[in-house]
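Here are my notes on the model, as numbered points. Please read them with the coordinates open.

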Amino acid sequence: MIRLLTLPAGFILDLLMGDPRWLYHPVCLIGNLISILEKGIRKVFPKTDKGERAGGILEVVLVCFITFFIPYVVIHLLYKWNFWLGFVLETFWCGQLLATKSLKVESMKVYDRLKNGTIEEARYAVSMIESSRRAVSMIVGRDTQALSEIGVTKAAVETVAENSSDGIIAPMLYMAIGGIPLMFLYKGINTMDSMLGYKNDKYLYFGRCAARLDDVANYIPARISGWLMALSTVFVGMDTKNAVKIYRRDRRNHASPNSAQTESVCAGALRVQLAGDAVYFGKLVKKKYIGDGLREIEYEDIKRANRLMYITAFLCELLSVAVMSLVLILL
């Protein structure tokens, strides 16, 4: 019953507050935790494929335990001591761990530089997108120095589309299911994937468990996000039929089983083509395209993608509250 109040209150707080730079963010703490544990574990485990894999598993176990247990104990004790203090902290944390406004703010910096600045400024803006630390897995690793205006625009739109799921919808759903502790656990898993889940020499084995767990944690939320985003097209006057068509056809056109779920809907709704080959760490990576490219992408599509993201977030909030209310009535 408390979550029926704290989840909407946290969502509203996120929309109003965003991510003030002066306020230290929990994801930064999680990121520091992951780095410290990684350094310690690598000193203990042998530098073999088996040792790296075992060390990666231990990292996942420790991060998951800490990111769930500490918020659980803090919020539990605070509620026992003073209900309203517990309510305020849970609402505040919920607002911090949702990325709705910050994702819009950061992506609109790219829009502004494309419209009013130079291509170099736009490239820099898109390279710096991190959803104000809330959704770490933005465009990490992508080389942006050689991106054209179209490439920068595509990168920003893809960021908004993909992170509508793991930056907003997924944490919102986990908050609805298990409160702040489960929300923190999800952010721990998501941040581990962002920091460790690379297929390079350093993380191929060490980060494998983190990447697989992130795939599992996002599997259902990503698909809920895809269908909610498809429904959102009705409210923003976009091409619903094409959004559903491209979703059904291209939702698997990504190395991750989850990333293309919302990207495909967004591409279809905007009638543009996303994804395709990209350069990561100086190497060209061949990637499938998403969408048909019925028209050329333009920087105004960043604003359109944000409108789609906002409506998707509102629909998920309504769905979460409705389901929690129904469960409460049935119980």
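1. Disulfides first. The count comes to 0 disulfides, a disulfide being a pair of cysteine sulfur atoms within 2.5 Å. Cys28 is in no disulfide, and its nearest cysteine sulfur, that of Cys94, is 18 Å away. Cys64 is in no disulfide either; here the nearest cysteine sulfur belongs to Cys209, at 7.9 Å. Cys64 counts as buried, at 16% relative accessibility. Buried means under 20% relative accessible area, exposed means over 50%, and partly exposed lies in between (1.4 Å probe, protein chains only).

2. Basis of the values. This is a predicted model, in which local features need pLDDT of at least 70 and side-chain atom pairs count only at pLDDT 80 or more, while totals for chains, interfaces and linings use all residues. Residues are numbered from 1 along each chain as its sequence is written, and side-chain values use heavy atoms, with hydrogens and water left out.

3. Overall fold. The protein has 11 helices and 4 strands. These are DSSP runs numbered from the N terminus: helices are H or I with at least four residues, strands are E with at least two. The radius of gyration is 20 Å, close to the 20 Å that the globule rule gives for 331 residues, so the protein is as compact as a globular protein of that length. That radius is taken over C-alpha atoms, and the rule is 2.2 Å times the number of residues to the power 0.38. Along the principal axes, the C-alpha atoms fill a box of roughly 60 × 55 × 35 Å.

4. Of the 331 residues, 54% count as buried. Among contacts with a separation of 6 or more, 74% come from residues 24 or more positions apart. A contact means heavy atoms within 4.5 Å.

5. Surface and charge. The protein exposes about 15500 Å², and carbon and sulfur atoms supply 66% of that area. Accessible areas come from the Shrake-Rupley method with a 1.4 Å probe. There are 40 positive and 31 negative charges, and their mean positions are 3 Å apart. Lys and Arg count as positive, Asp and Glu as negative; His and the chain ends are not counted. Each charge is placed at NZ of Lys, CZ of Arg, CG of Asp or CD of Glu.

6. Met324. This residue sits in helix H11, residues 300-330. Is Met324 buried or exposed? Met324 is buried, with a relative accessible area of 12%. Leaving aside residues up to four places away in sequence, Met324 touches Arg3, Leu4, Leu7 and Ala176. Met324 and Arg3 are 321 residues apart in sequence, yet their C-alpha atoms are 8.2 Å apart.

7. Asn163. Helix H7 (residues 149-196) holds Asn163. Asn163 counts as buried, at 0% relative accessibility.

8. Phe65. Which helix holds Phe65? Phe65 lies in helix H3, residues 49-81. Phe65 is exposed, with a relative accessible area of 51%. Phe65 and Tyr24 are 41 residues apart in sequence and 22 Å apart in space, C-alpha to C-alpha.

9. Arg271. The backbone deserves a look here. Arg271 has a positive phi of about 65°, although it is not a glycine. Arg271 lies in the loop between helix H10 (259-270) and strand E1 (274-275). Arg271 is partly exposed, with a relative accessible area of 35%.
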